[in-house]
Amino acid sequence: MIPRPRPERFRLRRTMMFMNAQKPGLIKDAYIYGCDSIMLDLEDAVAENQKDAARFSLYHALRSIDYGDTEVVVRINGLDTPHWQEDVRVCVAGGADGIRIAKCESAQDVHTVEHAVEQAEREFGVEPGRTLLMAALESPKGILNAYEICSASERMFGVAISGGDFRKCMQTTPQRDGVDMLFARGQMLLAARAAGIQCFDTVFTDLDDQEGFEAEVRQNKAMGFDGKSLINPKQIRFVHQVFAPTQKEVIQAEKILLAYREQSAAGVGVFTVDGKMIDVAFIPGAERTLRLARACGMYEGDLV
Amino acid sequence: MEILKPAIAGTLESSDAQVTIEPGKAGIELTLTSSVMNQYGRQIRATILEALERLDVSNARVTVVDKGALDCTLKARVECAVFRSCGQSAANIPWGGVVR
Amino acid sequence: MRNAVGREIPDALLTNGREVYQGRNHMDGRYLQKAAPKTRRYEKPQESKVVESIAQALRDCGAKSGMTFSFHHHLRDGDYVVNMVMQTAIEELGLKELTIAATSLGAAHDPIADYIEAGKVVGIQTSGIRGRMGEVVSAGKLKTPAVIRSHGGRPRAIEGGEVHIDIAFIAAPTSDCVGNCRGIGGKSNCGSLGYAMTDAKYADHVVVITDCLVDFPNMPASVEAIDVDAVVVVDSIGNPQKIASAAARISQNPRDLMMAENVAKVIASTPYFKDGFSFQTGVGGPSLAANLFLEQYMDERKIRMGWAIGGICGPMVELLKKGKVGKVIDVQDFDLDGVNSIHQTPGHFEMSASQYANPANKGAFVNKLDFVVLAALEIDTGFNVNVLTGSDGILRGAPGGHPDAAAGSKCCIIVTPLIRGRMATVCEHVVTVTTPGDCVDVLVTDYGIAVNPLRPDLIACLDSAGIPHVTIEELKEKAYSLVGRPDDLEWEDQVVAILEARDGTILDVVRKIKPFTLD
């Protein structure tokens, strides 16, 4: 069995790649493509009569495959199905880093899953609070309740919109400029930032439309998303490219952190870097930039 | 566990294995075919028999068609077939107990 | 006797001056006495060499038991000619003790397995062997061990007289009435006829079999009438659907693409990647996809490929048409884009197998090659590659031009997934060595890159380009940690196939596999 370290609530999650938990050939080494998180799917990708088989396969994958630094999140079946409780049990027993709650519409939904997770952690002797949660918002109600969902639990690390179902509810289809989900994305981002958790955009499903995919990723970055859900490994590289900081940003962040160390050691709270006024409020952003830069192979120092 | 009815789990896709289990009376009667028989046949058989033993299955006819599955997949397919044959595959699986 | 790749070669095989493999370029500088065929004179003017049937052609050429017949494999899995000829020779003429010397044999030739079992075919010399024929040879049913040679090793052996061809059969998409043949212009086109050229020059008799007789003269001819004894017109020489696929598509498999991208990265990090560089790639998923990423690097550096060789298919033709490669020199075509381009697109030329890869002539194309990208069934920690035997020890592959291009090129890159199902591709010892490790420079897998320690210069290139790499031992351990350590295959003593290195020394032997039982 492969021991996994305690999951980090706030880590780099630029790319979360979906994988059918029932396909042995896929899940055995999904991490080789270099995505930040893999999303093993027990929900839509698994046929109704194979839910049981997928759980056995998931359990042994979690226990025996070394996913290294790649985060392993499992998408469980909806709370309106007979499957989700057993899904939670297998995720906790197998040691998944996180659970993605499908079709989440309220803080109560989060609490319901959280309760089941707590029970499972007790049942399987897993450290309490280890298993993280994220919510997928797939309906107008989910979007309207985004803030209460985002702030429902200390286990919540992020929230994602699920475009397929949401667009159906809204009677729209994917638009080139993203106007179909502009408000929903914005509302979800506001809620996530207000609650202090991460926010992820939906999948782009037309693999032949590279141009459309790239436009959407650029918009995601511009809107302030932390990352994106993906359906194919070949989408990873571009997302990482777009989400990478510029060389200028990296140098600036490094300067800020170095100056902050020197100045705070000397008891100075506000100082200037390249003529710009800097205080403690700039530090988390600069640290985030350097962590991102390190993940992108652009930074090898030891400030973060 | 006692095998009550025939059950099947897994597919014939590459890297998977299809396990069929049926009630039997004469211990474990295993029929194994594998695309990697010469190099891994004995290890595959050991993995299957160990999984059955953990589940306390002592009488069954078991047919495994292996398409190059890793051990974790073999175990998953055997266990699923056994739980299905007992009608117990949907909930309250003893994760970390006899399933490990 | 143990050879340079650590394989034990039975002394009984080391007769008539035959040596074991002693390393790359061991035979360099030696002299070769070429063997001349004994050919019939046709002084009288003749209207036509067309005869009514294969049987008639065989009789005219004095076919008898014990002879060696040669074939070439441009019709690939669509080929009807080998089966037609062997059936006629054995069932109509009652010949036996025959040897088939083919450039390759494949799934199309399953019926020959029956002739092996019946003892009618007693010898096989080929580059590739698959399907039922591979199974019966592996089962020890062929009277003499099969001899497996590379595409360059075969013309060497023919020219040096180690293989004497009594009758060569040319499967010709078009021929005129006296035997000028081309690979295009008919209904079963295959493009290049490169592998047939040496056969036609060194066989005592040459029979052309075509399904499209064209006006004299069929020019420019790939096989020339001056070497041909008889022409037979049949309904069909092959199944066009299986001769050339519609188009060899670049793989969309993300694993293949990831590996291909790394292959291109490695290539771009070496000093050989400069304007005018030369390149060969296989048609396997990740090898072919390397074209795509290489083109991006070429555009970035504003350089062009000088020339490309090997088996040719669409993506290479596309580069030629875009002016990104200067010349394409073609020994075989894999798809209709290749077939339709040879002799048509300026810069797309045909070459013989000897010109392509023969180590004993005065300079084959492979000797000037900068890069070759090749696949592998297995590669071991000595960088030895197996492309012939499966994990069950059965013959089911083809060295083809693999050992030739690997030996000749400045940078030979093997690209393969670390595991296939439960098979460790990177392993401790390959089942059979088909390309020796001293010819292999870089291994690219989906789990990492390894460079042969014999090439510290390439290691430095990767380091300075910031391309991470590990040792091949680490890759092997990773593979075994995923699939488990394989049990050793169990063999009997009988040698069923001899694997000749391209220089004619013995690289390895394949023995009869013991029937496997679980207990």
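Tutor: Let us begin with a definition: helices (H or I, at least four residues) and strands (E, at least two) are DSSP runs, numbered from the N terminus. The model is predicted, so local features need pLDDT of at least 70, side-chain atom pairs count only at pLDDT 80 or more, and totals for chains, interfaces and linings use all residues. Residues are numbered from 1 along each chain as its sequence is written, while chains are lettered from A and ligands numbered from 1 in the order in which they are written.

Student: Where is P217(C) placed?

Tutor: P217(C) belongs to the loop between strand 9 (205–210) and strand 10 (230–233) of chain C. The peptide bond from F216(C) to P217(C) is cis, with omega near -5 degrees. P220(C) is also found in the loop between strand 9 and strand 10 of chain C, and the bond from M219(C) to P220(C) is cis, with omega near -15 degrees. Most peptide bonds are trans.

Student: Why does N92(B) count as exposed?

Tutor: A residue is buried if 20 or more other C-beta atoms, placed from the backbone, lie within 10 Å of its own, exposed if 12 or fewer, and partly exposed in between. N92(B) has 9 C-beta neighbours inside 10 Å and therefore counts as exposed. N92(B) lies in the segment after helix 2 (71–85) of chain B, and its phi is near 55 degrees, a positive value in a residue other than glycine.

Student: What makes H343(C) partly exposed?

Tutor: H343(C) has 18 other C-beta atoms within 10 Å, so it is called partly exposed. H343(C) sits in the loop between helix 11 (336–341) and strand 14 (348–350) of chain C. Its phi is positive, about 65 degrees, although H343(C) is not a glycine.

Student: How do you know that strand 16 of chain C pairs with strand 21 of chain C?

Tutor: Two strands pair if DSSP finds at least two bridges between them. Two bridges join strand 16 (residues 378–380) of chain C to strand 21 of chain C, and these strands run parallel. In strand 21 of chain C, V426(C) is the bridge partner of I379(C). The open sheet has three strands in the order 17-16-21 (chain C), with mixed pairing.

Student: What makes strand 17 and strand 21 of chain C edge strands?

Tutor: Strand 17 (385–386) and strand 21 (426–427) of chain C each pair on one side only.
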